[in-house]
Amino acid sequence: MTKKQRKRLVRILAALALFIVVLFLPLQGVPQLLAYLAVYLFIGGDILWRAVRNILRGQVFDENFLMSVATVGAFALGDYKEGIAVMLFYQVGEWFQSYAVGRSRRSIAALMDIRPDHANLLLEDGSLSQLAPEEVDSGSRIVIKPGERVPLDGIVEEGSSSLDTSALTGESLPRETEKGGEVISGSINLTGLLTVRVTKTYGQSTVARILELVESSGQRKSKAENFITKFARYYTPAVCLAALVLALLPPLLLGQSFGVWVYRALTFLVISCPCALVISIPMSIFGGIGGASKAGVLIKGGNYLEALAKADTLVFDKTGTLTEGKFVVTQQKPVGVSADELLQWAAYAEQYSNHPIAQSVREAYGKTVQTQRITSAEELAGFGVRAVVDGAEVLVGNAKLMAEYEIDMGEAARQGGTVIHVAREGRYVGSLLAEDLPKPDAIEAVADLRRLGVKQMVMLTGDSAEAGQKVAEGLGLDGAYTGLLPQDKVEKVEQMLEGERTGTLAFVGDGVNDAPVLARADVGIAMGGLGSDAAIEAADIVIMTDEPAKIPTAIRISRKTVSIVRQNIVFALGVKGIVLILGALGFASMWAAVFADVGVAFLAILNAMRALYIEKAPAENQTAQLQRKVP
Amino acid sequence: MKKTYKLEDLECANCAAKMENALNQLEGVHANIRFMQQSMTFEAPDEQFDSLLNQAQKLMRKIEPDVRVLV
């Protein structure tokens with residue numbers, strides 16, 4: 001509670017006590033009026049003053065004005081108690097709104113409490129100097145003690161430790177880092193002392209970018225928000241006009257008493273306040289965005305949250321998104337030699353190659369290569385490698401390479417997938433199968449999306465039809481478009497966008513070379529945003545980790561938020577509408593009207609706060625378990 | 001030029017919407033007020049930036065007298 005809020009609360013309580021005292025005082029006539037007036041001015045004086053001041057500034061139809069007219073009108077009609085009560089409840093409502101907004105702002109801010117407060121700069125003489133993170137230059141060395149928040153992105157020069165990245169990624173498992181490893185600002189150093197070479201200034205570092213993103217997420221307002229502010233612009237004048245008509249027409253035309261109809265008109269004025277309506281929408285959306293960021297999903301604006309909630313077509317990039325983006329040797333088929341020999345020759349021949357497949361072969365071999373045994377190695381782009389190992393010529397590569405050297409592959413020629421053929425001394429000795437395996441949570445993520453009612457899920461890849469189809473089928477996708485160049489991916493997405501559809505189309509990529517596709521889709525989702533500037537820049541929604549299971553989580557959050565927004569709109573408009581009708585017919589008193597106004601605001605705000613709290617998707621829990629099993 | 005400012009004592013969501021609307025009527029100004037974040041992004045041509053920001057503050061005070069732009 002701020003000082004201002006506390007002061008206002010004290011005043012409200014004091015006014016309430018005074019009001020009750022005056023109610024029971026045995027006063028009559030003018031003294032009674034004066035007593036009521038005193039209470040009224042005590043609780044509503046500032047509103048009256050604001051109303052007058054705003055009218056002088058040319059600002060009519062604001063809440064202060066409406067409340068002033070309604071309550072002064074009540075006094076004029078002799079309904080002193082109601083005049084005071086309306087003002088009192090209005091103040092209670094205002095107080096509660098300000099309190100609730102402050103609370104929700106703070107709890108969202110607490111979710112996003114990743115701002116580091118200082119950096120320990122390592123000076124030439126080995127001493128430390130504490131500075132604000134903004135003051136540290138890139139290239140400086142800093143020391144991060146256990147328990148401290150990493151202030152800037154950098155590379156570890158000394159020490160090893162585990163880092164808690166949960167505030168950034170929603171991932172509860174700590175990340176290990178050691179010399180040469182990356183540290184990301186905003187995470188917490190848990191165990192060891194680290195000396196880090198700073199690679200980015202504070203403004204460029206992960207933590208500053210994330211904070212900026214959340215802070216500016218309100219810039220892209222949701223449709224619901226735009227609708228309701230526009231609605232409010234017409235709603236208040238319209239209800240006021242209706243009040244005027246109500247006050248004048250029935251008495252003039254039907255000769256009924258002015259008192260009754262003026263009272264009903266004043267009821268209208270109380271209901272015409274739009275704030276309850278307007279406040280709950282941005283609050284819900286902000287809550288949803290805050291809750292999502294806690295789960296490691298950054299949503300760049302309310303409009304994207306709405307678009308994601310309606311997603312019924314998901315297009316995935318394959319490599320690095322659904323799959324690990326890394327080849328692993330999964331099968332060895334030696335021909336006439338032992339499996340160990342096959343792998344050894346292949347690994348020796350591939351020793352100097354940077355190709356991802358060469359890496360997978362060396363990893364599968366796993367032993368140290370005695371480089372003196374390799375006399376020469378030559379990379380044949382698009383084919384493979386030709387090397388001389390132990391004085392014998394070894395060819396490692398695709399079928400084209402084997403054909404080039406006229407090597408008879410026999411049965412092996414008919415294999416599908418990414419096959420690495422090996423020949424030695426002109427004789428075929430076998431093949432290795434390398435695969436880019438799906439991420440552990442990818443299958444469950446796809447199944448989960450299916451449960452959420454996503455109609456179409458396809459995969460785009462530059463890979464061969466065989467490799468692509470195999471992954472797509474394994475994951476349970478609806479199909480795969482294979483052999484695509486980056487520009488073909490944009491074209492494919494455009495085709496899908498033009499087709500007949502009911503929901504929105506979301507594209508999920510890793511942000512590395514699919515920025516144009518991310519931009520083109522209704523919603524662009526980038527995975528593995530932690531540490532990737534390109535992804536954060538290009539996407540509408542950034543998933544901080546590289547888990548596909550976060551996608552259904554993001555959809556759940558957005559749907560929940562959108563439904564809260566919808567509930568609030570329907571509820572607030574519904575109650576106001578009913579009270580307007582009842583008021584016009586004379587069934588609703590000003591008491592009912594002010595209760596409706598304040599009560600609706602109260603409930604809508606409470607409902608909005610629900611958007612903050614999110615449950616984890618089943619697929620995510622599963623990954624957590626899988627990861628726990630790995631030592 | 002585009003700058004982001006913190007706002008103080010912005011107490012009513014509808015007023016925030018009204019202010020945003022009023023500021024965007026100013027020639028060359030693109031304003032965005034976030035009630036929940038209590039902040040404003042203000043974009044205006046460089047040469048008139050200060051005078052437009054001044055006008056904007058006046059317009060905002062007209063709608064909600066207590067609100068302050070923390071420059």
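In chain A, 65% of the contacts with a separation of 6 or more join residues 24 or more positions apart. The model is predicted. Of the 631 residues in chain A, 46% are buried. The secondary structure of this chain comprises 22 helices and 22 strands.

The overall dimensions of chain A were computed next. Its C-alpha trace spans about 120 × 65 × 40 Å along the principal axes. The radius of gyration of chain A is 34 Å, whereas a compact globule of 631 residues would have a value near 25 Å.

The domain assignment gives two parts of chain A. Domain 1 covers 119–148 + 153–199, and domain 2 covers 324–437. A distance of 41 Å separates the C-alpha centres of domain 1 and domain 2 of chain A.

Chain B touches chain A. The contact involves 15 residues of chain B and 18 residues of chain A. By residue class, the side of chain B that touches chain A divides into seven nonpolar, five polar and three charged residues.

Conventions. Residues numbered from 1 in each chain as written. Chains lettered and ligands numbered in written order. Predicted model: local features only at pLDDT ≥ 70, side-chain atom pairs only at ≥ 80, totals over all residues. Domains from an automatic or database assignment. Contact = placed C-beta atoms within 7 Å. Nonpolar A, V, L, I, M, F, W, Y, C, P; charged D, E, K, R; others polar. Helix = DSSP H or I, 4+ residues; strand = E, 2+ residues; numbered from the N terminus. Rg over C-alpha atoms; globule rule 2.2 N^0.38 Å. Buried ≥ 20, exposed ≤ 12 C-beta atoms within 10 Å, placed from the backbone.
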